[in-house]
Amino acid sequence: MTVIESYLADLSSRLHVSRGSRAALVAEVREHLLESAERACANGAARQQAETNAVAAFGSTTLMARQFNAASGARAMRRAPVVALVTGATVVGGFLVAAVARPGTSQQATAPMQVSFFLAILAFQVAVTAGARGASRAFATWRTSAAAGLDRALVRRSTIICTAALLSGAVLLSTNFVLAAHHSPNMRGVALGIGAFTMTVTAIAGLALALHLNINPDDNDDGIDSTHTSSLLQVGETTISLVSRHPLASCTTVTVAATAWAMTHAEAHNFTAALPWGIGEAVAVITTFMILGPSLGLRTTRQNGRLA
Amino acid sequence: MSGQQLKGHLDTLVMGILESGPAHGYAIIDSLRVASGGVFDLPEGTVYPALHRLEASRRVTSSNQVVDGRQRRVYRLSAAGRRSLLQGRASWSQFSTAVTHILNVSPT
């Protein structure tokens, strides 16, 4: 193997980009190195030495791979909100298909049906929050030529949480459909099946895509420029910075609103019957805020007396 | 000049080179070296991630062409790139004026 081919093999093994991008990058670098070596040969250098010099002038494979991975990661980061949005929209579509199978019924839902539906809605609330968080950071760096590793890490984490929550919601809703079908035999089983299948399969695909996006958060590039995006695309980040600066007020506001919503929509005939659902929603919102808040950058944590 | 000193300016410099016409990576590196009088002595490969970043942000476009018998990826400045270059020039002018002003003042 020549010096150039050996360099290219090493570079290729360090690239975390799609197969097509890797082939194009390696071909581009190969042409550059060959031209460089041939020019040196034309000036009297020996081929082996010319190739060694060309490779040395190009830069180490570690440096090059890190920069290429960072550039590719910035592009992949901008695809992440699209993955979350399309997955979410298709899951909603599946839910709507299944919803037509539910005839208007006066029968009271059973406890397992109520619990599965309640948990599914909670999962979707997490999905919307995480999806919006990731989209907000991605939009904030939309027009920059690169995005810092920390930004890419946040978008990746948010997208994975969003799609995992969508999958949980889809499975819980499908369970609810199965329970409902057993409870009310006059439901349209085919529509229920199509809806449940669409939701679950789409959510699995969305999660798999989110996990395999080459966002490369660990690869940073020192050569990035500092062009800022427009203020309109910064609206999400501005809102989130308000939330993270006032976590108690934000959490309280969201908890009150979510509790009121849960109690209004609970399949209960009076306030007392709706109260457990409201309390459950409040506990879930606060718990989620405590657990996922730091991961999504919605609140800061204190470690060894320092803010993290 | 090291890569560290060029941090944040490489994209603008590459756009500056492309303003005079489309070019492939090797030619851009050559132009950077010649235009800087040999001052910018970066690892040659550094320009490719910069080109890919610029392409991702739609400031340059690229196409595969045969140049001097070689299949090359040729980059060209887009309209968005021209606007960005204008901003980069203005920003650099402001920055360099400030630095020059500070460094030219003798300590008392």
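**Helix 4 of chain B and onward**

Reply: One place to begin is B:R58, which follows helix 4 of chain B and has a positive phi, near 60°. Keep in mind that this is a predicted model.

Me: Is helix 4 of chain B buried or exposed?

Reply: Helix 4 of chain B is largely enclosed by the rest of the structure, because nine of its ten residues are buried.

Me: Which residues of helix 4 are the buried ones?

Reply: In helix 4 of chain B, the buried residues are B:V47, B:Y48, B:P49, B:A50, B:L51, B:H52, B:R53, B:L54 and B:A56.

Me: Zooming out, what does the secondary structure of chain B come to?

Reply: Chain B has five helices and three strands. Along the sequence their pattern is α-α-β-α-α-β-β-α.

Me: And how much of chain B is buried?

Reply: Chain B has 108 residues, and 39% of them are buried. The chain exposes about 5900 Å², with 55% of that supplied by carbon and sulfur atoms.

Me: What about contacts in chain B between residues at least 24 apart?

Reply: They make up 47% of the chain B contacts between residues at least 6 apart in sequence.

Me: OK, chain A now. What helices and strands does chain A have?

Reply: Chain A has ten helices and two strands. From the N terminus, the order is α-α-α-α-α-α-α-α-α-α-β-β.

Me: Where is the largest nonpolar core, and which residues have the most contacts inside it?

Reply: The largest nonpolar core has 39 residues, and those with the most contacts inside it are A:Y7, A:L33, B:V14 and B:L18. Several elements each supply at least two of its residues: helix 1 (3-14), helix 2 (19-42), helix 3 (47-58) and helix 4 (61-99) of chain A, along with helix 2 (10-18), helix 3, helix 4 (47-56) and strand 3 (70-77) of chain B. Helix 2 of chain A gives the largest share, six residues.

Me: What does A:Y7 touch?

Reply: Leaving out residues up to four places away in sequence, A:Y7 touches A:V29, A:L33, A:V55, A:F58, A:G59, A:S60, A:T61 and A:M64.

Me: Which residues line the largest cavity?

Reply: The lining is B:L10, B:I29, B:L32, B:R33, B:F40, B:D41, B:L42, B:P43, B:E44, B:T46 and B:V47. B:V47 is also one of the buried residues of helix 4 of chain B. Helix 3 (residues 25-35) of chain B supplies the largest share of the cavity lining, three residues. By class, the lining has seven nonpolar, one polar and three charged residues.

Me: What about the second largest pocket?

Reply: The second largest pocket has about 600 Å³ of space. It is lined by 26 residues, and the closest to its centre are A:Q125, A:T129, A:V254, A:F289 and A:L298.

Me: Which helices supply the lining of that second largest pocket?

Reply: Helix 5 (111-140), helix 8 (235-245), helix 9 (247-265) and helix 10 (271-292) of chain A each supply at least two residues. Helix 5 of chain A has the largest share, eight residues. The lining divides into 16 nonpolar, eight polar and two charged residues.

Me: Last one: where is A:A46?

Reply: A:A46 is in the loop between helix 2 and helix 3 of chain A. A:A46 counts as partly exposed because its relative accessible area is 49%, and the cut-off for exposed is over 50%. Its C-alpha atom is separated by 35 Å from that of A:A70, 24 residues apart along the chain.

How values were computed. Residues are numbered from 1 along each chain as its sequence is written. Chains are lettered from A and ligands numbered from 1 in the order in which they are written. This is a predicted model: local features need pLDDT of at least 70, side-chain atom pairs count only at pLDDT 80 or more; totals for chains, interfaces and linings use all residues. Side-chain values use heavy atoms; hydrogens and water are left out. On a 1 Å grid over the protein atoms alone, a cavity is a set of points where a 1.4 Å probe fits but cannot get out, and a pocket is an open set with protein on both sides within 12 Å along at least five of seven lines; lining residues have an atom within 4 Å of a point. Helices (H or I, at least four residues) and strands (E, at least two) are DSSP runs, numbered from the N terminus. Ala, Val, Leu, Ile, Met, Phe, Trp, Tyr, Cys and Pro count as nonpolar, Asp, Glu, Lys and Arg as charged, and the others, Gly among them, as polar. Buried means under 20% relative accessible area, exposed over 50%, partly exposed in between (1.4 Å probe, protein chains only). Contact means heavy atoms within 4.5 Å. Accessible areas come from the Shrake-Rupley method with a 1.4 Å probe; for residues, only the protein chains shown count as cover. A nonpolar core is a set of buried Ala, Val, Leu, Ile, Met, Phe, Trp, Tyr and Cys residues joined through side-chain atoms within 4.5 Å. Grid points are joined across faces, edges and corners, and a volume is the space filled by probe spheres set on the points.
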